[in-house]
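Here is a friendly briefing to keep beside the viewer. Take a look at the structure, then read on for the contact between the chains and the cavities.

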Amino acid sequence: MTMRGKVAVAGVGETAYYKHGQTPYPEFKLTLTAILAACENAGISPREIDGFSSYSADRNDPVRLAAALGLSDVGLSCMQWQGGGGGAAAAVANAAAGIVSGQANCVVVHRGLAQGEFGRFGQFNLFYGVPGDIAHTAPYGVLAPPQVFAMRAMRFMHDHSVRQDALRAIALASYHHAQSNPRALMRGRPLDEAKYDSSRWIAEPYHLYDCCMENDGAAAMILVSADRARDLPNPPCYLLAGGCGIGYRDGAWVHNAPDYGASGFATLAGRLYAMAGIGPGDVDTVQVYENFTGGVVMALVEFGFCTADEVNAFVTKDNLIVGGRLPLNTSGGNLAECYMHGMGLLIEGVRQIYRQSTAQVHDADVSLVTGGPMAPPVSACLFGSERVL
Amino acid sequence: MTGQRLSDVPGQYLAEGLPPGGARQDGLDLPFWNGLAQERLLIQRCGRCGSWQWGPEWICHNCLSFDLGWDEVAPRGQIYSWERNWHPSHDALRDQGPYLVVLVELPEAAGIRLIGNLLGDPLQTVAIGSPVVGLFEHHREASPNYSLLQWRIAR
């Protein structure tokens, strides 16, 4: 059983991106705007939508969206369960499963966030814990995501003698690509080694620039059958594989996951490549969710782009920018374009296949996009052009 | 088997006002928190196969028995990982300055790990693998009372 090549991304769309709390629009309206933009990009009427798929406890519920859009027959209403931003790519995989199973024909994957309306995503909240986890962590000052995720990178760096330079390279590559992207919030604010090195620590080993931004906005993509997609304006962008993963006891709470100095993609990566029928050497460009740069570095290892011991040599700005060995986060990613919990990365991964990226990789035929590292169930998708099918 | 009394080190490590320690509503980890109040470190252990597990579960992840108990472990371990936090993520920490969090593994309990703070200079050099000893930090003015387990480098 496989979804390989059966579903395609017909179109993508997003609202303007804002700093957190700065959007003048309610979250629901942002979501509607993004959905309409994706439909227009796809060349379809919004009335064709018959399925919704989201993740990270998105508040913009499908019954209300369907009512607002005047839809008459919706057959899929799908929320990836748990993982926060870890589930971004799974929302695409779940939508694809809905189409392949015959439950729906035209599914919108969406994410909308207005933090002024609902409170800061990145501040202390219950989201990352099991019930009662807070009592074992918060009294010791482990509160917001940087404190929750710093020790995993610290352990990884210790285990494999990884230098801070590798984390810095992720930030430098993302910021580099943001400079060519008119949508990017960090366009016009380049980052160099000195600026990174002198930036304040948030939670060692994370400097300010190792941490994603917090933003308002919404983004969406439309999935249809491969056949339907070939009739539509955008170049075909097929889903080669998609899914989520929970490794052995990743959910052991109070930081007891056995594979701790890791991002959690190890079990998923093998399955994904097997479903797609390709290996890491076939991947032309990657969008790896930066909650924190350390997570991105670990993800690159788990997806087989280098071994842990090769990280210092491989994870460099030169290798990760367009023209390098593995262009990464080509729209600026969560660090420098916008933190839309992974939807922005998914859209960029598709745009690379469409040949519409602001930092286009030459002959990009295979595009990997991951959801949030270290946040199980983690997820990822492989998109491919007609040539790869 | 008791840790050094925190009275050897003045005060508590972090400022007042953070979310408190204490058992979950369903009581799954109540023996742990009661143990800390008595200056005992109790970790969940399967009554059938002897596997340690943390955070506690309703079932043994190894043999799937529901017969779970609690065994006492010496509050001694080694640093498995750490972080030094500079950005206050809570109002209570507004004036705290940098502070150290450690993830301590307990070799006597098959390497299960606890979160705590590393006492002493917040800017000290920290080495993964360093042996640490536990000290109990009691919050008896809180309602309800609770106790935490802190760590210092073993001398």
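**Where the chains meet, and what is enclosed**

A:Glu204 forms a salt bridge with B:Arg84, and their closest N and O atoms are 2.8 Å apart. A salt bridge here is a side-chain nitrogen of Lys or Arg within 4 Å of a carboxyl oxygen of Asp or Glu. This is a predicted model, in which local features need pLDDT of at least 70 and side-chain atom pairs count only at pLDDT 80 or more, while totals for chains, interfaces and linings use all residues. Residues are numbered from 1 along each chain as its sequence is written, chains are lettered from A in the order in which they are written, and side-chain values use heavy atoms, with hydrogens and water left out.

**Bonds across the interface**

- Between chain A and chain B the count is two salt bridges.
- The two chains also share 19 residue pairs in polar contact, both residues being at pLDDT 80 or more.
- A polar contact is a pair of N or O atoms within 3.5 Å; within protein, one must be able to donate a hydrogen and the other to accept it, and residues adjacent in sequence count only if both atoms are side-chain atoms.

**Who takes part**

- α5 (133–137), α6 (145–160) and β6 (201–203) of chain A each supply at least two residues of the side that touches chain B; helices (H or I, at least four residues) and strands (E, at least two) are DSSP runs, numbered from the N terminus.
- The largest share of that side, seven residues, comes from α6(A).
- The contact (heavy atoms within 4.5 Å) takes 37 residues from chain A and 41 residues from chain B.

**Buried area**

- Chain A and chain B bury about 3300 Å² between them, 56% of it on carbon and sulfur atoms.
- Buried area is the accessible area (1.4 Å probe) that two parts lose on being put together, summed over both.

**Cavities**

- There are two cavities of 30 Å³ or more; a cavity is a set of points on a 1 Å grid over the protein atoms alone where a 1.4 Å probe fits but cannot get out, and lining residues have an atom within 4 Å of a point.
- The largest cavity has a volume of about 60 Å³, volume being the space filled by probe spheres set on the points, which are joined across faces, edges and corners.
- Its lining comprises A:His136, A:Tyr140, A:Val254, B:Phe32, B:Leu114, B:Ile115 and B:Leu149.
- The second largest cavity has a volume of about 30 Å³, and among its lining residues are A:Val9, A:Asn234 and A:Cys237.

Note on methods
On a 1 Å grid over the protein atoms alone, a cavity is a set of points where a 1.4 Å probe fits but cannot get out, and a pocket is an open set with protein on both sides within 12 Å along at least five of seven lines; lining residues have an atom within 4 Å of a point.
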